[in-house]
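This briefing is intended for reading beside the sequence and the model.

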Amino acid sequence: MLKGQSALVTGGSRGIGKAIAVELAKQGVNVAVNYSGNREKAEEVANSCRKYDVEAFTWKADISKEEEVKTMLKEVTSAFGGLDILVNNAGITRDNLMMRMKEDDWDDVMNINLKGVFFCSKAAARTMSKQRSGKIINIASVVGLTGNPGQANYTAAKAGVIGLTKTMAKEFASRNIQVNAVAPGFIATDMTEQMSEEARDAVLSQIPASHLGKPDDVAHAVTFLASSSAGYITGQTINVDGGMVM
Amino acid sequence: MADVEERVKGIVVERLGVEETEVTREARFKEDLGADSLDVVELVMELEDEFDLEISDEDAEKIVTVADVVDYIQAQQ
């Protein structure tokens, strides 16, 4: 259903972004993998995508810089002759308790996790609105809905992404662009691997499904939202969290 | 500078999906050509690309008719 379409996945070199890029490729989508630092990892992801007989390439850009984003979107759009799907996945954490959180920690997270979504979506919307079709999928987080001690910056940014999703959905609906968010719960990635067993057990006790999610669980929700099956769904946030937040 | 006017009209026809005969100098984008506010924003962006200029929000707000656009671009060039 998605065969021959094109997508840009920000922060696509590892974790959830990697799973999304590869899953889209599996569905026959040409994929541009954006990364900020790790070119090698990003190239590996592009290689994995090409196994499914699609076009794939990597593009380095700091999404918190509008000029870099504009250039990236121009390149991606001209390489693929348009852009059907934007997945705003790139995100960072700079956790600390509120009273110890530095201004830089706040700004870095806001700039990447929220402003970056604004820049990428703004640039993509230009192409998509001309096409009169497009899908923007923002990777939020359930902590953007619930709050989480130690993540004032991250939760504020993710809540911001959910609000931005709704506004974009309203602004772009008449252009046949659907904008939705996917809010992962606890997904097994490099980040959660590092948790202590105690912290892990504490998290698991909050998950009715009583196991962590996989990056693929998130990727499947994204590919559904990217498909024409989800054409009448816009402005929504789908939690992929084993029932943690309802 | 008929060239500017022709190019502007061409963009308006394509973007708003209206007939060329409707796009007179006096035609108002919203009232006569059925543009909504998003159409106007898209039109401004396309004109910026086509004529390689930047139209500030303040100036964009003053645009009502086709002639406003043509005159504005000619004044900028």
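Is Ala209(A) buried, partly exposed or exposed? In this predicted model, Ala209(A) has a relative accessible area of 31% and is partly exposed.

**Surroundings of Ala209(A)**

- Ala209(A) is located in the loop that joins helix 8 (197-204) to helix 9 (215-226) of chain A.
- The C-alpha atoms of Ala209(A) and Gly242(A) are 4.9 Å apart in space, although 33 residues separate the two in sequence.

**Annotated domain and active site**

- An unreviewed UniProt entry assigns the feature "domain: Ketoreductase" to residues 5-190 of chain A.
- The annotation "active site", from an unreviewed UniProt entry, falls on Tyr154(A).
- Tyr154(A) belongs to helix 6 (residues 152-172) of chain A.
- The relative accessibility of Tyr154(A) is 14%, so this residue counts as buried, the limit being under 20%.
- When neighbours within four places in sequence are set aside, the contacts of Tyr154(A) are Ile92(A), Thr93(A), Val109(A), Asn113(A), Ser141(A) and Val143(A).

**Annotated binding site**

- According to an unreviewed UniProt entry, "binding site" covers a set of chain A residues, among them Gly12(A), Asn89(A), Tyr154(A), Lys158(A) and Ile187(A).
- The annotated residues do not all gather at one spot, because they span 177 residues in sequence and their farthest two C-alpha atoms are 24.4 Å apart.
- Gly12(A) sits in the loop between strand 1 (6-9) and helix 1 (15-26) of chain A, and counts as buried at 0% relative accessibility.
- Apart from neighbours within four places in sequence, Gly12(A) contacts Gly17(A), Lys18(A), Val33(A), Asn34(A) and Val45(A).
- Ile187(A) occupies the loop between strand 6 (177-184) and helix 7 (190-193) of chain A, and its relative accessibility of 6% counts as buried.
- With neighbours within four places in sequence left aside, Ile187(A) is in contact with residues including Ile16(A), Gly213(A), Pro215(A), Val218(A) and Val240(A).

**Aromatic pairs**

- Over all chains, the structure contains two aromatic pairs.
- In one of them, the ring centres of Phe57(A) and Phe80(A) are 5.4 Å apart and the planes stand at 50°, so the pair is tilted.
- This pair ties together parts that are 23 residues apart in sequence, because Phe57(A) is in strand 3 (residues 56-60) of chain A and Phe80(A) is in helix 3 (residues 66-80) of chain A.
- Phe57(A) is partly exposed at a relative accessible area of 21%, whereas Phe80(A), at 14%, is buried.
- Phe118(A) and Phe119(A) also form a tilted pair, because their ring centres are 5.5 Å apart and their planes are at 40°.
- Phe118(A) is partly exposed, its relative accessible area being 40%, whereas Phe119(A) is buried at 10% relative accessibility.

**Largest pocket**

- The largest pocket holds about 1500 Å³ of space.
- Its lining consists of 41 residues, and those nearest the centre are Lys122(A), Arg126(A), Val41(B), Met45(B) and Glu48(B).
- Two or more lining residues come from each of helix 3, helix 4 (103-131) and helix 6 of chain A, and from each of helix 2 (37-51) and helix 3 (57-61) of chain B.
- Helix 4 of chain A supplies the largest share of this lining, ten residues.
- By class, the lining of the largest pocket has 19 nonpolar, six polar and 16 charged residues.

**Largest cavity**

- The count is one cavity of 30 Å³ or more, and the largest cavity holds about 30 Å³ of space.
- The largest cavity is lined by Arg126(A), Ser129(A), Lys130(A), Arg15(B), Glu42(B), Met45(B) and Glu46(B).
- Helix 4 of chain A and helix 2 of chain B are the elements that each give two or more residues to this lining.
- The lining of the largest cavity comprises five charged residues, one polar and one nonpolar.

**Annotated serine of chain B**

- An unreviewed UniProt entry places "modified residue: O-(pantetheine 4'-phosphoryl)serine" at Ser37(B).
- Ser37(B) lies in helix 2 of chain B and is partly exposed, with 48% relative accessibility.

Technical notes. Residues numbered from 1 in each chain as written. Chains lettered and ligands numbered in written order. Predicted model: local features only at pLDDT ≥ 70, side-chain atom pairs only at ≥ 80, totals over all residues. Heavy atoms only, no water. Phe/Tyr/Trp six-rings, centres within 6.5 Å; stacked < 30°, edge-to-face > 60°. Helix = DSSP H or I, 4+ residues; strand = E, 2+ residues; numbered from the N terminus. Buried < 20%, exposed > 50% of the residue type's maximum accessible area, 1.4 Å probe, protein only. UniProt positions renumbered as here; feature names shortened; annotations may be inferred. Contact = heavy atoms within 4.5 Å. 1 Å grid on protein atoms, 1.4 Å probe; cavity = no way out; pocket = protein on both sides within 12 Å on 5 of 7 lines; lining within 4 Å. Points joined across faces, edges and corners; volume = space filled by probe spheres on them. Nonpolar A, V, L, I, M, F, W, Y, C, P; charged D, E, K, R; others polar.
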